[in-house]
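Could you walk me through this model, with the cut-offs spelled out as we go?

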Amino acid sequence: MCAIVGVFGSVNASRIAYYSLFAMQHRGQEATGISCSDGHKISKVKKKGLVTEVFDEEALNHLKGDMAIGHNRYSTAGSKSVIDAQPIYANYKLGEISVAHNGNLINGKEVKDMLIDEGAIFQSDMDTENIIHLIARSHKEHLKDRIIEALGVIKGAYCLVIQGRNKIFAIRDKYGVRPFSLGQLEDGGYIVSSETCAFDLVGAKFIRDVRPGEMIIFDKSKEKYESIQLFEPEPRICAFEYIYFARPDSVIDGKSVYAVRQEMGKAMAKQDPIDADLVIPVPDSGVSAALGYAKQSGIPFEMGIVRNHYVGRTFIEPTQAKRDMKVKLKLSPISSLLKGKRIVVIDDSLVRGTTAKRIINILKDAGASEVHMCITSPTIKHPCRYGIDTPSYDELISANMSIEEIRDYIGADSLSFLSINALKKSIGDDREYSLVSFDGNYFIN
Ligand code: AMP
(Lines give C-alpha, C1' and ligand atoms only; values in the text may rest on other atoms or scores of the structure.)
Protein backbone atom coordinates (compact mmCIF):
# COMPACT_ATOMS: atom_id res chain seq x y z
CA MET A 1 0.00 0.00 0.00
CA CYS A 2 1.12 3.51 0.71
CA ALA A 3 1.72 6.66 -1.28
CA ILE A 4 5.03 8.17 -2.22
CA VAL A 5 6.02 11.50 -3.69
CA GLY A 6 9.27 13.14 -4.75
CA VAL A 7 9.63 16.86 -5.49
CA PHE A 8 12.76 18.22 -7.10
CA GLY A 9 13.96 21.75 -7.86
CA SER A 10 11.09 23.69 -6.36
CA VAL A 11 11.27 26.47 -3.77
CA ASN A 12 8.07 25.07 -2.29
CA ALA A 13 9.26 21.46 -2.19
CA SER A 14 7.99 20.53 1.28
CA ARG A 15 4.62 22.21 0.72
CA ILE A 16 4.16 20.50 -2.64
CA ALA A 17 5.03 17.18 -1.02
CA TYR A 18 2.53 17.99 1.74
CA TYR A 19 -0.32 18.75 -0.69
CA SER A 20 0.53 15.66 -2.73
CA LEU A 21 0.36 13.47 0.35
CA PHE A 22 -2.92 15.13 1.27
CA ALA A 23 -4.32 14.25 -2.19
CA MET A 24 -3.18 10.66 -1.62
CA GLN A 25 -4.42 10.29 1.95
CA HIS A 26 -6.67 7.41 0.80
CA ARG A 27 -3.52 5.31 0.15
CA GLY A 28 -2.48 5.34 3.78
CA GLN A 29 -3.76 6.88 6.97
CA GLU A 30 -1.56 5.42 9.63
CA ALA A 31 1.51 7.61 9.47
CA THR A 32 3.05 10.18 7.20
CA GLY A 33 6.42 11.81 6.70
CA ILE A 34 8.47 14.18 4.57
CA SER A 35 12.20 14.63 4.33
CA CYS A 36 13.63 17.67 2.61
CA SER A 37 17.13 18.57 1.50
CA ASP A 38 18.64 22.01 0.90
CA GLY A 39 21.76 20.51 -0.68
CA HIS A 40 23.66 20.45 2.61
CA LYS A 41 21.39 18.86 5.13
CA ILE A 42 18.28 16.70 5.17
CA SER A 43 15.54 17.74 7.58
CA LYS A 44 12.65 15.45 8.34
CA VAL A 45 9.28 15.16 10.06
CA LYS A 46 7.35 11.90 10.40
CA LYS A 47 4.64 10.82 12.78
CA LYS A 48 1.60 8.66 13.20
CA GLY A 49 -1.57 10.35 12.02
CA LEU A 50 -3.15 12.00 9.02
CA VAL A 51 -1.31 14.46 6.80
CA THR A 52 -3.20 17.46 8.20
CA GLU A 53 -2.54 16.30 11.77
CA VAL A 54 1.17 15.71 11.35
CA PHE A 55 2.17 18.79 9.38
CA ASP A 56 1.48 22.27 10.73
CA GLU A 57 3.20 25.55 9.81
CA GLU A 58 6.03 24.82 12.20
CA ALA A 59 6.68 21.38 10.72
CA LEU A 60 6.61 22.70 7.15
CA ASN A 61 8.93 25.58 8.03
CA HIS A 62 11.33 23.11 9.57
CA LEU A 63 11.51 21.23 6.23
CA LYS A 64 13.97 23.38 4.34
CA GLY A 65 15.21 23.00 0.79
CA ASP A 66 14.09 22.43 -2.76
CA MET A 67 14.16 18.61 -2.78
CA ALA A 68 11.59 16.63 -0.83
CA ILE A 69 10.33 13.09 -0.63
CA GLY A 70 7.24 11.97 1.26
CA HIS A 71 5.22 8.94 2.25
CA ASN A 72 1.80 7.94 3.58
CA ARG A 73 1.72 4.65 5.37
CA TYR A 74 -1.18 2.23 5.12
CA SER A 75 -2.38 0.48 8.22
CA THR A 76 -2.18 -3.27 8.47
CA ALA A 77 -3.50 -5.07 11.56
CA GLY A 78 -1.33 -5.26 14.64
CA SER A 79 1.87 -3.28 15.29
CA LYS A 80 2.68 0.20 14.51
CA SER A 81 4.94 2.63 16.10
CA VAL A 82 6.43 5.71 14.52
CA ILE A 83 9.55 3.65 13.87
CA ASP A 84 7.57 2.03 11.07
CA ALA A 85 6.79 5.39 9.45
CA GLN A 86 8.66 6.54 6.36
CA PRO A 87 10.76 8.05 4.84
CA ILE A 88 13.51 6.03 6.49
CA TYR A 89 16.57 8.12 7.13
CA ALA A 90 20.18 7.14 7.79
CA ASN A 91 23.68 8.48 7.84
CA TYR A 92 26.22 6.31 6.04
CA LYS A 93 29.58 6.52 4.32
CA LEU A 94 28.44 8.87 1.53
CA GLY A 95 26.41 11.09 3.88
CA GLU A 96 22.70 11.36 4.46
CA ILE A 97 20.06 9.26 2.76
CA SER A 98 16.29 9.00 2.97
CA VAL A 99 14.06 6.35 1.36
CA ALA A 100 10.31 5.99 0.81
CA HIS A 101 8.74 2.86 -0.64
CA ASN A 102 5.35 1.81 -1.95
CA GLY A 103 4.88 -1.90 -2.52
CA ASN A 104 6.06 -5.08 -0.95
CA LEU A 105 9.31 -7.02 -1.18
CA ILE A 106 8.80 -10.76 -1.43
CA ASN A 107 12.29 -11.71 -0.25
CA GLY A 108 12.31 -9.14 2.58
CA LYS A 109 12.79 -11.73 5.29
CA GLU A 110 15.63 -13.61 3.58
CA VAL A 111 17.50 -10.40 2.85
CA LYS A 112 16.97 -9.14 6.39
CA ASP A 113 18.22 -12.45 7.86
CA MET A 114 21.26 -12.32 5.64
CA LEU A 115 22.01 -8.73 6.68
CA ILE A 116 21.54 -9.53 10.37
CA ASP A 117 23.83 -12.52 9.96
CA GLU A 118 26.45 -10.15 8.65
CA GLY A 119 26.02 -7.86 11.65
CA ALA A 120 23.39 -5.32 10.60
CA ILE A 121 21.22 -3.83 13.34
CA PHE A 122 17.62 -3.14 12.32
CA GLN A 123 15.51 -0.33 13.74
CA SER A 124 12.14 -1.19 12.21
CA ASP A 125 10.02 -4.07 10.94
CA MET A 126 9.87 -2.65 7.44
CA ASP A 127 11.32 -4.46 4.44
CA THR A 128 12.24 -0.99 3.14
CA GLU A 129 15.02 -0.84 5.71
CA ASN A 130 16.76 -3.63 3.78
CA ILE A 131 17.30 -1.19 0.94
CA ILE A 132 19.13 1.33 3.12
CA HIS A 133 21.33 -1.41 4.59
CA LEU A 134 22.18 -2.76 1.14
CA ILE A 135 23.09 0.73 -0.08
CA ALA A 136 25.16 1.47 3.02
CA ARG A 137 27.09 -1.81 2.79
CA SER A 138 27.87 -1.55 -0.92
CA HIS A 139 31.47 -0.77 -1.83
CA LYS A 140 30.55 1.21 -4.95
CA GLU A 141 31.77 4.77 -5.11
CA HIS A 142 28.55 6.46 -6.21
CA LEU A 143 25.08 6.36 -4.72
CA LYS A 144 23.58 5.51 -8.12
CA ASP A 145 25.69 2.35 -8.41
CA ARG A 146 25.00 1.40 -4.82
CA ILE A 147 21.26 1.67 -5.50
CA ILE A 148 21.59 -0.44 -8.65
CA GLU A 149 23.48 -3.06 -6.65
CA ALA A 150 20.75 -3.07 -3.97
CA LEU A 151 18.04 -3.44 -6.61
CA GLY A 152 19.80 -6.56 -7.83
CA VAL A 153 19.18 -8.13 -4.41
CA ILE A 154 15.61 -7.12 -3.60
CA LYS A 155 12.64 -8.79 -5.27
CA GLY A 156 9.01 -7.77 -5.35
CA ALA A 157 6.78 -4.86 -6.13
CA TYR A 158 8.28 -1.48 -5.47
CA CYS A 159 8.14 2.14 -6.34
CA LEU A 160 10.90 3.99 -4.58
CA VAL A 161 12.03 7.53 -4.01
CA ILE A 162 15.56 7.73 -2.67
CA GLN A 163 17.02 11.03 -1.58
CA GLY A 164 20.66 11.94 -1.17
CA ARG A 165 21.71 15.49 -0.34
CA ASN A 166 21.69 16.65 -3.97
CA LYS A 167 19.72 14.04 -5.83
CA ILE A 168 16.48 12.17 -5.93
CA PHE A 169 16.15 8.74 -7.55
CA ALA A 170 12.72 7.49 -8.61
CA ILE A 171 12.50 3.77 -9.38
CA ARG A 172 9.69 1.47 -10.48
CA ASP A 173 10.06 -2.31 -10.52
CA LYS A 174 10.13 -4.05 -13.90
CA TYR A 175 6.51 -5.23 -13.56
CA GLY A 176 5.26 -1.74 -12.77
CA VAL A 177 2.85 -3.30 -10.27
CA ARG A 178 2.24 -0.08 -8.35
CA PRO A 179 1.48 3.17 -10.19
CA PHE A 180 4.08 5.93 -10.48
CA SER A 181 3.92 9.08 -12.60
CA LEU A 182 6.21 11.94 -13.56
CA GLY A 183 5.13 15.56 -13.86
CA GLN A 184 6.48 19.08 -14.17
CA LEU A 185 5.73 21.82 -11.68
CA GLU A 186 4.74 25.36 -12.59
CA ASP A 187 8.09 26.71 -11.33
CA GLY A 188 10.02 24.30 -13.57
CA GLY A 189 10.69 21.68 -10.91
CA TYR A 190 9.70 18.03 -11.19
CA ILE A 191 7.39 15.75 -9.28
CA VAL A 192 6.97 11.98 -9.15
CA SER A 193 4.03 10.52 -7.29
CA SER A 194 2.02 7.36 -6.81
CA GLU A 195 -1.07 8.92 -8.32
CA THR A 196 -1.77 11.73 -10.75
CA CYS A 197 -4.47 13.18 -8.48
CA ALA A 198 -1.53 14.78 -6.62
CA PHE A 199 -0.49 16.60 -9.81
CA ASP A 200 -3.91 18.16 -10.19
CA LEU A 201 -3.81 19.57 -6.68
CA VAL A 202 -0.34 21.11 -6.96
CA GLY A 203 -0.80 22.36 -10.55
CA ALA A 204 1.75 19.97 -12.06
CA LYS A 205 1.63 18.93 -15.70
CA PHE A 206 1.68 15.20 -16.34
CA ILE A 207 4.73 14.23 -18.42
CA ARG A 208 4.50 10.43 -18.48
CA ASP A 209 4.43 7.40 -16.25
CA VAL A 210 7.66 6.17 -14.79
CA ARG A 211 8.36 3.09 -16.93
CA PRO A 212 8.47 -0.37 -15.43
CA GLY A 213 12.16 -1.12 -14.76
CA GLU A 214 13.17 2.53 -15.03
CA MET A 215 15.27 4.71 -12.75
CA ILE A 216 14.89 8.47 -13.09
CA ILE A 217 17.63 10.60 -11.58
CA PHE A 218 17.10 14.22 -10.63
CA ASP A 219 20.47 15.83 -10.03
CA LYS A 220 21.27 19.41 -9.04
CA SER A 221 24.29 19.50 -11.31
CA LYS A 222 22.28 18.47 -14.42
CA GLU A 223 19.79 20.50 -16.46
CA LYS A 224 17.31 17.71 -17.07
CA TYR A 225 16.51 14.48 -15.37
CA GLU A 226 18.29 11.36 -16.55
CA SER A 227 16.52 8.11 -17.33
CA ILE A 228 18.10 4.68 -17.08
CA GLN A 229 16.24 1.54 -18.10
CA LEU A 230 17.61 -0.84 -15.48
CA PHE A 231 15.50 -3.87 -16.22
CA GLU A 232 13.67 -5.17 -19.26
CA PRO A 233 10.02 -4.19 -18.64
CA GLU A 234 7.45 -6.95 -18.08
CA PRO A 235 4.40 -4.79 -17.29
CA ARG A 236 1.86 -6.25 -14.88
CA ILE A 237 -0.04 -3.30 -13.50
CA CYS A 238 -2.11 -4.10 -10.43
CA ALA A 239 -5.78 -4.51 -11.38
CA PHE A 240 -6.81 -3.70 -7.83
CA GLU A 241 -5.56 -0.13 -8.23
CA TYR A 242 -8.28 0.32 -10.86
CA ILE A 243 -10.88 -1.68 -8.96
CA TYR A 244 -10.60 -0.06 -5.58
CA PHE A 245 -7.44 1.50 -4.42
CA ALA A 246 -6.67 4.53 -6.58
CA ARG A 247 -8.73 7.69 -6.60
CA PRO A 248 -11.17 7.89 -9.52
CA ASP A 249 -9.65 11.17 -10.71
CA SER A 250 -6.24 9.54 -11.20
CA VAL A 251 -4.96 8.22 -14.51
CA ILE A 252 -2.80 5.10 -14.20
CA ASP A 253 -0.61 4.06 -17.10
CA GLY A 254 -2.78 5.90 -19.58
CA LYS A 255 -6.19 4.77 -18.28
CA SER A 256 -8.59 6.89 -16.27
CA VAL A 257 -9.57 5.07 -13.10
CA TYR A 258 -13.06 6.58 -13.26
CA ALA A 259 -13.60 5.47 -16.87
CA VAL A 260 -12.32 1.96 -16.13
CA ARG A 261 -14.66 1.64 -13.14
CA GLN A 262 -17.60 2.69 -15.32
CA GLU A 263 -16.58 0.05 -17.84
CA MET A 264 -16.55 -2.55 -15.07
CA GLY A 265 -20.11 -1.53 -14.14
CA LYS A 266 -21.22 -1.75 -17.76
CA ALA A 267 -19.57 -5.14 -18.15
CA MET A 268 -21.35 -6.34 -15.01
CA ALA A 269 -24.73 -5.25 -16.42
CA LYS A 270 -24.00 -7.14 -19.64
CA GLN A 271 -22.70 -10.21 -17.87
CA ASP A 272 -25.54 -10.55 -15.33
CA PRO A 273 -28.64 -8.57 -16.33
CA ILE A 274 -31.10 -8.19 -13.45
CA ASP A 275 -34.72 -7.05 -13.47
CA ALA A 276 -34.73 -4.29 -10.83
CA ASP A 277 -36.09 -0.83 -9.94
CA LEU A 278 -32.95 0.93 -8.72
CA VAL A 279 -29.17 0.70 -8.94
CA ILE A 280 -27.38 1.97 -5.87
CA PRO A 281 -23.68 2.06 -5.05
CA VAL A 282 -21.91 1.22 -1.83
CA PRO A 283 -20.44 4.68 -1.29
CA ASP A 284 -17.83 5.74 -2.17
CA SER A 285 -16.05 2.73 -3.61
CA GLY A 286 -18.97 1.51 -5.77
CA VAL A 287 -20.12 4.85 -7.21
CA SER A 288 -18.31 4.95 -10.56
CA ALA A 289 -19.13 1.31 -11.35
CA ALA A 290 -22.80 1.76 -10.34
CA LEU A 291 -23.06 4.68 -12.76
CA GLY A 292 -21.74 2.41 -15.49
CA TYR A 293 -24.19 -0.33 -14.54
CA ALA A 294 -27.12 2.12 -14.59
CA LYS A 295 -26.11 3.53 -18.00
CA GLN A 296 -25.81 0.09 -19.52
CA SER A 297 -28.96 -1.42 -17.98
CA GLY A 298 -31.21 1.64 -18.15
CA ILE A 299 -32.16 1.10 -14.48
CA PRO A 300 -32.27 4.42 -12.56
CA PHE A 301 -29.28 5.25 -10.37
CA GLU A 302 -29.86 6.55 -6.85
CA MET A 303 -27.63 7.22 -3.86
CA GLY A 304 -29.71 4.95 -1.64
CA ILE A 305 -27.07 4.75 1.08
CA VAL A 306 -25.41 7.73 2.70
CA ARG A 307 -21.89 7.62 3.94
CA ASN A 308 -20.61 9.36 7.03
CA HIS A 309 -17.27 10.78 5.94
CA TYR A 310 -15.87 11.15 9.42
CA VAL A 311 -15.23 7.42 9.68
CA GLY A 312 -12.11 6.06 7.98
CA ARG A 313 -11.88 2.98 5.79
CA THR A 314 -13.26 -0.10 7.50
CA PHE A 315 -10.07 -2.09 7.13
CA ILE A 316 -8.22 0.17 9.53
CA GLU A 317 -9.80 -1.54 12.54
CA PRO A 318 -7.91 -4.70 13.33
CA THR A 319 -10.66 -6.77 14.95
CA GLN A 320 -13.87 -8.11 13.38
CA ALA A 321 -16.15 -6.67 16.13
CA LYS A 322 -14.72 -3.20 15.60
CA ARG A 323 -15.00 -3.56 11.82
CA ASP A 324 -18.70 -4.52 12.13
CA MET A 325 -19.42 -1.43 14.23
CA LYS A 326 -17.49 0.75 11.87
CA VAL A 327 -19.57 -0.32 8.86
CA LYS A 328 -22.69 0.64 10.86
CA LEU A 329 -21.25 4.01 11.78
CA LYS A 330 -20.24 4.60 8.19
CA LEU A 331 -23.30 3.75 6.09
CA SER A 332 -27.02 4.46 6.50
CA PRO A 333 -30.00 4.06 4.14
CA ILE A 334 -32.53 6.51 2.67
CA SER A 335 -35.59 4.45 3.56
CA SER A 336 -38.16 6.47 1.57
CA LEU A 337 -36.24 5.65 -1.60
CA LEU A 338 -35.81 1.95 -0.93
CA LYS A 339 -39.19 0.84 0.44
CA GLY A 340 -40.74 -1.92 -1.66
CA LYS A 341 -38.04 -1.63 -4.34
CA ARG A 342 -35.96 -4.28 -6.08
CA ILE A 343 -32.41 -3.06 -5.64
CA VAL A 344 -29.17 -3.80 -7.46
CA VAL A 345 -26.37 -2.79 -5.12
CA ILE A 346 -22.88 -2.37 -6.52
CA ASP A 347 -19.59 -2.63 -4.67
CA ASP A 348 -16.10 -2.93 -6.04
CA SER A 349 -14.95 -5.97 -4.09
CA LEU A 350 -15.84 -8.57 -1.50
CA VAL A 351 -13.04 -9.45 0.87
CA ARG A 352 -14.31 -10.75 4.21
CA GLY A 353 -17.96 -10.11 3.40
CA THR A 354 -18.47 -7.70 6.31
CA THR A 355 -19.57 -4.72 4.21
CA ALA A 356 -21.91 -6.68 1.94
CA LYS A 357 -23.63 -8.46 4.84
CA ARG A 358 -24.23 -5.22 6.68
CA ILE A 359 -25.40 -3.35 3.57
CA ILE A 360 -27.94 -6.02 2.70
CA ASN A 361 -29.19 -5.95 6.26
CA ILE A 362 -29.55 -2.17 6.11
CA LEU A 363 -31.37 -2.30 2.77
CA LYS A 364 -33.77 -5.04 3.86
CA ASP A 365 -34.45 -3.22 7.15
CA ALA A 366 -35.23 -0.13 5.11
CA GLY A 367 -37.93 -2.08 3.24
CA ALA A 368 -36.21 -3.18 0.00
CA SER A 369 -38.18 -6.11 -1.46
CA GLU A 370 -35.17 -7.68 -3.23
CA VAL A 371 -31.45 -7.01 -2.94
CA HIS A 372 -29.11 -8.18 -5.70
CA MET A 373 -25.45 -7.76 -4.86
CA CYS A 374 -23.12 -7.16 -7.80
CA ILE A 375 -19.39 -7.07 -7.17
CA THR A 376 -17.47 -5.47 -10.01
CA SER A 377 -14.39 -7.61 -9.51
CA PRO A 378 -13.82 -11.38 -9.50
CA THR A 379 -13.82 -13.50 -6.34
CA ILE A 380 -10.75 -12.75 -4.17
CA LYS A 381 -9.34 -16.19 -3.44
CA HIS A 382 -5.70 -15.41 -2.72
CA PRO A 383 -3.84 -12.88 -0.58
CA CYS A 384 -1.90 -10.25 -2.51
CA ARG A 385 1.81 -10.28 -1.76
CA TYR A 386 2.62 -7.28 -3.87
CA GLY A 387 1.36 -4.45 -1.75
CA ILE A 388 -2.42 -4.63 -1.44
CA ASP A 389 -3.53 -5.41 2.07
CA THR A 390 -5.72 -8.45 1.52
CA PRO A 391 -5.92 -10.77 4.52
CA SER A 392 -4.80 -14.39 4.78
CA TYR A 393 -6.63 -17.34 3.19
CA ASP A 394 -8.75 -18.10 6.24
CA GLU A 395 -10.20 -14.57 6.30
CA LEU A 396 -10.96 -14.36 2.58
CA ILE A 397 -14.58 -15.38 2.27
CA SER A 398 -14.27 -16.50 -1.38
CA ALA A 399 -11.38 -18.77 -0.51
CA ASN A 400 -13.61 -20.63 1.93
CA MET A 401 -17.16 -20.57 0.57
CA SER A 402 -18.86 -21.13 -2.78
CA ILE A 403 -20.69 -18.16 -4.34
CA GLU A 404 -24.01 -19.72 -3.29
CA GLU A 405 -22.77 -20.10 0.30
CA ILE A 406 -21.63 -16.48 0.34
CA ARG A 407 -24.97 -15.32 -1.08
CA ASP A 408 -26.70 -17.13 1.73
CA TYR A 409 -24.28 -15.77 4.35
CA ILE A 410 -24.67 -12.14 3.29
CA GLY A 411 -28.44 -12.54 2.86
CA ALA A 412 -28.67 -11.38 -0.78
CA ASP A 413 -31.35 -12.49 -3.26
CA SER A 414 -28.59 -12.95 -5.80
CA LEU A 415 -24.85 -12.43 -5.90
CA SER A 416 -22.63 -11.91 -8.96
CA PHE A 417 -18.97 -11.26 -9.48
CA LEU A 418 -17.34 -9.87 -12.61
CA SER A 419 -15.40 -12.54 -14.49
CA ILE A 420 -11.62 -12.21 -14.81
CA ASN A 421 -11.98 -11.84 -18.57
CA ALA A 422 -14.55 -9.08 -18.28
CA LEU A 423 -12.30 -7.34 -15.76
CA LYS A 424 -9.33 -7.48 -18.14
CA LYS A 425 -11.46 -6.19 -21.00
CA SER A 426 -12.77 -3.31 -18.87
CA ILE A 427 -9.25 -2.11 -18.07
CA GLY A 428 -7.98 -2.87 -21.58
CA ASP A 429 -6.90 -6.30 -22.80
CA ASP A 430 -3.95 -4.88 -24.70
CA ARG A 431 -1.63 -5.68 -21.76
CA GLU A 432 -1.08 -7.93 -18.76
CA TYR A 433 -2.20 -7.19 -15.21
CA SER A 434 -1.33 -8.34 -11.75
CA LEU A 435 -4.38 -10.44 -10.87
CA VAL A 436 -2.90 -12.46 -8.02
CA SER A 437 -5.84 -11.99 -5.65
CA PHE A 438 -8.10 -13.55 -8.28
CA ASP A 439 -6.01 -16.15 -10.08
CA GLY A 440 -3.26 -16.91 -7.55
CA ASN A 441 -0.59 -16.42 -10.20
CA TYR A 442 2.29 -15.13 -8.09
CA PHE A 443 4.43 -14.09 -11.01
CA ILE A 444 7.33 -12.58 -9.03
CA ASN A 445 9.59 -15.40 -7.91
P1 AMP B 1 -15.23 -6.70 3.20
O2 AMP B 1 -16.20 -5.88 3.97
O3 AMP B 1 -14.18 -7.32 4.09
O4 AMP B 1 -15.88 -7.71 2.29
O5 AMP B 1 -14.40 -5.74 2.25
C6 AMP B 1 -14.98 -5.18 1.12
C7 AMP B 1 -15.04 -3.70 1.22
O8 AMP B 1 -13.78 -3.15 1.59
C9 AMP B 1 -15.42 -3.09 -0.10
O10 AMP B 1 -16.41 -2.11 0.13
C11 AMP B 1 -14.15 -2.49 -0.63
O12 AMP B 1 -14.42 -1.24 -1.21
C13 AMP B 1 -13.23 -2.35 0.56
N14 AMP B 1 -11.89 -2.86 0.31
C15 AMP B 1 -11.48 -3.79 -0.54
N16 AMP B 1 -10.16 -4.02 -0.46
C17 AMP B 1 -9.69 -3.19 0.50
C18 AMP B 1 -8.40 -2.94 1.06
N19 AMP B 1 -7.32 -3.59 0.65
N20 AMP B 1 -8.32 -2.01 2.03
C21 AMP B 1 -9.42 -1.36 2.46
N22 AMP B 1 -10.65 -1.56 1.96
C23 AMP B 1 -10.80 -2.47 1.00
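D253 counts as buried, because its relative accessibility is 16% and buried means under 20% relative accessible area, with exposed over 50% and partly exposed in between (1.4 Å probe, protein chains only). The model is predicted, so local features need pLDDT of at least 70 and side-chain atom pairs count only at pLDDT 80 or more, while totals for chains, interfaces and linings use all residues. Residues are numbered from 1 along each chain as its sequence is written, and side-chain values use heavy atoms, with hydrogens and water left out.

**Backbone points to look at**

- D253 sits in the loop between β15 (251-252) and β16; here strands (E, at least two residues) and helices (H or I, at least four) are DSSP runs, numbered from the N terminus.
- D253 is not a glycine, yet its phi is positive, at about 45 degrees.
- Most residues other than glycine have a negative phi, and most peptide bonds are trans.
- Between Q86 and P87 the peptide bond is cis, with omega near 0 degrees, and P87 belongs to the loop between β4 and β5 (88-92).
- P283 and D284 are also joined by a cis peptide bond, with omega about -10 degrees; D284 lies in the loop between β17 (278-281) and α10 (287-297).

**Domains and the stretch between them**

- The domain assignment lists domain 1 (3-235) and domain 2 (258-439); such bounds come from an automatic or database domain assignment.
- Taken over C-alpha atoms, the centres of domain 1 and domain 2 are 33 Å apart.
- E241 is part of helix α8 (residues 239-245) and counts as buried, because its relative accessibility is 0%.
- Contact means heavy atoms within 4.5 Å; leaving out residues up to four places away in sequence, E241 touches R27, R178, P179, A246, I252, V257 and R261.
- K255 belongs to strand β16 (residues 255-256).

- Two strands pair if DSSP finds at least two bridges between them; β1 runs antiparallel to strand β4 (residues 67-73), joined by 6 bridges, and G6 faces I69 in β4.
- Strand β10 (residues 190-193) is also antiparallel to β1, with 4 bridges, and F8 stands opposite Y190 in β10.

**Other elements**

- Helix α1 (residues 13-23) has 8 of its 11 residues buried, so the helix is largely enclosed by the rest of the structure.
- The buried residues in α1 are A13, S14, I16, A17, Y18, S20, L21 and A23.
- Strands β12 (residues 214-219) and β13 (residues 226-229) run antiparallel with 4 bridges, and E214 stands opposite Q229 in β13.
- β12 and β13 make a hairpin with 6 residues between them.
- H133, in helix α5 (residues 128-137), is buried with a relative accessible area of 14%.
- Beyond residues up to four places away in sequence, H133 touches L115, A120, I121 and F122.

**The cavity**

- A cavity is a set of points, on a 1 Å grid over the protein atoms alone, where a 1.4 Å probe fits but cannot get out, and lining residues have an atom within 4 Å of a point.
- Grid points are joined across faces, edges and corners, and a volume is the space filled by probe spheres set on the points.
- The count is 1 cavity of 30 Å³ or more, and the largest cavity has a volume of about 50 Å³.
- The lining of the largest cavity consists of C238, A239, F240, C384, I388, S434, L435, V436, S437 and F438.
- Both α8 and α17 (436-439) supply at least two residues of this lining, and α17 gives the largest share, 3 residues.

Terms used:
On a 1 Å grid over the protein atoms alone, a cavity is a set of points where a 1.4 Å probe fits but cannot get out, and a pocket is an open set with protein on both sides within 12 Å along at least five of seven lines; lining residues have an atom within 4 Å of a point.
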